[in-house]
Amino acid sequence: MEIDGPSVGSELLKNGEIDESLYSRQLYVLGHEAMKRMGSSHVLIAGLRGLGVEIAKNIALAGVKSLTLFDPEPAAMSDLSSQFFLHPDDVGKPRAAVTVPRVAELNAYTPVSEHPSKSLTEDLNQLRRYQVVVLTGTSLRDQVTISDYCHQNGIFIVIADIFGLFGSIFTDFGKDFAIADPTGENPVSGIVAGIDSDGLVSALDETRHGLEDGDFVTFTEVQGMEALNNAEPRKITVKGPYTFSIGDVSNLGQYKRGGLYQQVKMPKMINFQPLSEQLKNPELLMSDFAKFDRPQQLHLGFQALHEFAGGNSGKLPRPYSDEDASEVLKYAQALAGDGDDKVDLDEKLLRELSYQARGDLAPMAAFFGGLAAQEVLKSVSGKFHPIVQWLYFDSLESLPSSVKRSEELCKPVGSRYDGQIAVFGREFQEKLANINEFLVGAGAIGCEMLKNWAMIGMATGPKGKISVADMDQIEKSNLNRQFLFRPKDVGKLKSECAAEAVQAMNPDLKGKFVILPDRVGAETEHIFNENFWEELDGVTNALDNVDARQYVDRRCVFFRKPLLDSGTLGTKGNTQVILPSLTESYSSSQDPPEQSFPQCTLRSFPNKIDHTIAWAKEKFHEFFIGPPETVNLYITQPNYVEETLKQAGNEIPTLEVIRDYLVTDKPHNFDDCIVWARRQFESKFNNDIQQLLYNFPKDCTTSSGAPFWSGPKRAPDPLRFDNSNPTHMGFVVAAAHLHAFNYGIKEGKSFPGKHYLNVMDDMIIPEFTPSSSVKIQADDNEPDPNAQPAGSNFDDNGTLEQIVSQLPPRQILKGSKLEPVEFEKDDDTNHHIDFITAASNLRAQNYAIPEADRHKTKFIAGKIIPAIATTTALVTGLVVLELYKIVDGKDDIEQYKNGFVNLALPFFGFSEPIASPKGKYMGSSGEVTIDKLWDRFEVEDVTLQKFLDDFKEKGLDIMMLSSGVSLLYASFYPASKLKDRLGLKLSQLVETISKKPIPDHQRNVIFEMTVEDQNEEDVEVPYVMLKLQK
């Protein structure tokens, strides 16, 4: 299963089509329209050291019409500090020539070529073929020349530079640049409860409307002010969380009832200034509000570096050279001006900028590479708000304090790590080389993380080791952002392929990887055992699953290992540092629970497409997963019927399912599956709706006299099957194939549409008559009228016995089974998403709800996490900047940063990690402070009596002691009960009371206890860990 070749890719692009199987996760970030605009854009990137190749990689993965690279300079050994597509044998060759074919491998839909010229400035007209020009590593003089030309000729320009732990980005998208969607957030919508004569709109049932001042909305289904319906968007003013004003409505009449409001995204226009003007009067976007005075100083400092280079044959200041730093400082002071406009300069800051000017750090390239690539995509797509116009960022906190830096220690040694040595020195490089790190996950974040680690030389020394755990296999949709994988890798293990790829990037890593194709969880603690965890220096999470992240977090707390956690959601990203005895852990805070819908709403009263999709997914399980599983239990488990009869309230539905799937509805061929599918259409979209309207007619009122069908309740209409309607037929086709799959019937794949019509023409669909005995719950606050009372097995008609008598004997079914469907959203041939889309849209037709296409349905039903390579690259850069601090051994929490970014806005927020919670108790020697998260009492395998006595000496009287569910000791136990326990060793006590042996691989046992301190107060103390000698 390989991605289509370039010729097919080009054809798709010509036709304006998008390969959804490749771009699916990115499409949920950008949308089809933005991606189509990208697909007609030509981009030039100049400068192919680490930063340039990062930008190129991200843009190639995202997909543009063409990507052209320019850098005729010969590759140097120091370029390998961050240029992951250069190899040692490329040194001396033109950077572009060797980089182009490697970038081209990333995406067959993005043709990559080399810009033919030797200079960009000798003929500026050559730039007219591009929509965007990106400059990295370019002299300031050339930047001004090129950017002024681009500004005058409507060419977008992005300029990015990194110098060690400092970086900048500049954008100029010309005059009257239109932003179609500044935030990327889904437009909000809601139900109108009322509109008063002053134009104040109230949302239904005090539901927060989610709008902001200046937003625009449109209305539909309003009664009494019909002129509002489908009118021009109205600008709103927020009056409260549940109300907003739409201005003058005096000529619209009196509001009666109903109505829906829908936010409309309005384009925003921005005028950019050319670089030559912005150098004098910069518009600066803050990257870190704790460094409020930095951007203006760095704006001058970067210009001073360019002036220095201009006077020294293009060479930047030498690493840690005080002589060169003094000269840079003079340039900066001259630029700082005088009088009221003078910029106050921090000499130490500017000297550090000079010291690091030749530094080339992979994490900084990753950060600015993600940022710059996203700005390029914004310029050609009009999606999201661009940076206006400068952003400066530094991570000086990452500088090591445990090792020395000097001109001697920072000078180049002819190593591939010279770009990093220039910043941190040789001693720190040795520290990095001997780290033992555990990477959990080798997906998008994992790939970027491994690339960064390879570039910085982590674990390349004699004691270095990287363990990678990931049990997943590579899928085609991964290739759009998991850049270490190629089409030939589809189906292979992510952990193995990722490790192979980065060893090719940096051969120093050969033999340093331990590949663990296992899930990290409670079931694999014999693999990821105490020895494994204790040998680690640190752990990095690269997971998209909260439960897995929490498990790894708990293990890191238990083994007291630092953890770096990060995650992305479209253009949003976050990083968190977890440090033993310093910070809270990942699990200390929790995200809000996942949204769920009331069952009554799903069953009978949907009012938006999310409800119908959730209903359709329930039907998918109800038809194709649950019944086959139940049938298989009946076939394989003796006494299954007898056990089922004990389930008060569930006996009849369970036994009916077995009867239906083994007798009544059992198909013998694919035609029977078509018949079954057609009957399900009639049942769900016609009969059930007729029954609902019989129970609650359209003119029905509530006990208070209000219309029943109002507010969130939309009155439905039954559907009549129409074989010319593609949604109707789509339901039958998908349902028939899935029903056939349950029974192992494979003949239907080759049947044409006409065959379905012939089968259905022979069917007789009986007229449906609603029943007065059917009860339907009208509200979730009311009791379910169909619920059977708990403990009741009243059966006056002998229904149970009748159903049981219809079941085939288990003996004749032995060896046979049904095949439950396993939901898989990314296989477009399996009919899973087809069924859910058709079922959801038919339900939407019942209730006059706007339908959703297959793409949106797949996103909601599959709970897909939107993802784009730019955010992933940027986030992993931030993580590695924190890794430097951990390797350095920093124990000052103020030096660390948790980060949150949203590239769409753009927004950057950094904060000091929250400290771990502390507690106190009164011990025998005075007040004792404890860390509630990280502290514990570690004890040897002593007797219970000795254990109690030892804690008594600490000033703690143990009231109760337990391990798991076993209560081992309580102060209120009588002496006779304690007599046999006090003399037992703790391990013996656990095995005796639990009646289970301690597993051989387990080297510790955890105890919980309640205690009183010297003040005779109950106090919260850490748990106890018994260390076993094995």
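Predicted model: local features only at pLDDT ≥ 70, side-chain atom pairs only at ≥ 80, totals over all residues.

Residues are numbered from 1 along each chain as its sequence is written, and side-chain values use heavy atoms, with hydrogens and water left out.

Let us start with the sheet. It is open, has eight strands in the order β20-β19-β18-β21-β22-β23-β24-β25, and its pairing is mixed. Helices (H or I, at least four residues) and strands (E, at least two) are DSSP runs numbered from the N terminus, and two strands pair if DSSP finds at least two bridges between them. In general, strands of a sheet pair through backbone hydrogen bonds, either parallel or antiparallel.

Which strands form the edges? They are β20 (513–516) and β25 (907–911), each of which pairs on one side only. On average, neighbouring strands of this sheet are turned by 10° against each other, direction ignored.

Next, the helices. Helix α15, residues 444–456, packs on the sheet and touches β18, β19, β20, β21 and β22, where contact means heavy atoms within 4.5 Å. The direction of α15 makes about 160° with that of β18. Helix α18, residues 546–559, lies across β18, β21, β22 and β23, and runs at about 165° to β22. For these angles, axes are lines fitted to C-alpha atoms, for helices over the stretch in contact, and values run from 0 to 180 degrees between N-to-C directions.

I turn now to β24, residues 898–902. With β23, strand β24 forms an antiparallel pair over four bridges, and G899 is the bridge partner of T575. With β25, the pairing is also antiparallel, over five bridges; here F900 stands opposite G909, and a hairpin of four residues joins the two strands. Why is β24 described as largely enclosed by the rest of the structure? Because four of its five residues are buried; buried means under 20% relative accessible area, exposed over 50%, and partly exposed in between, with a 1.4 Å probe and protein chains only.

Finally, strand β26 covers residues 918–923.
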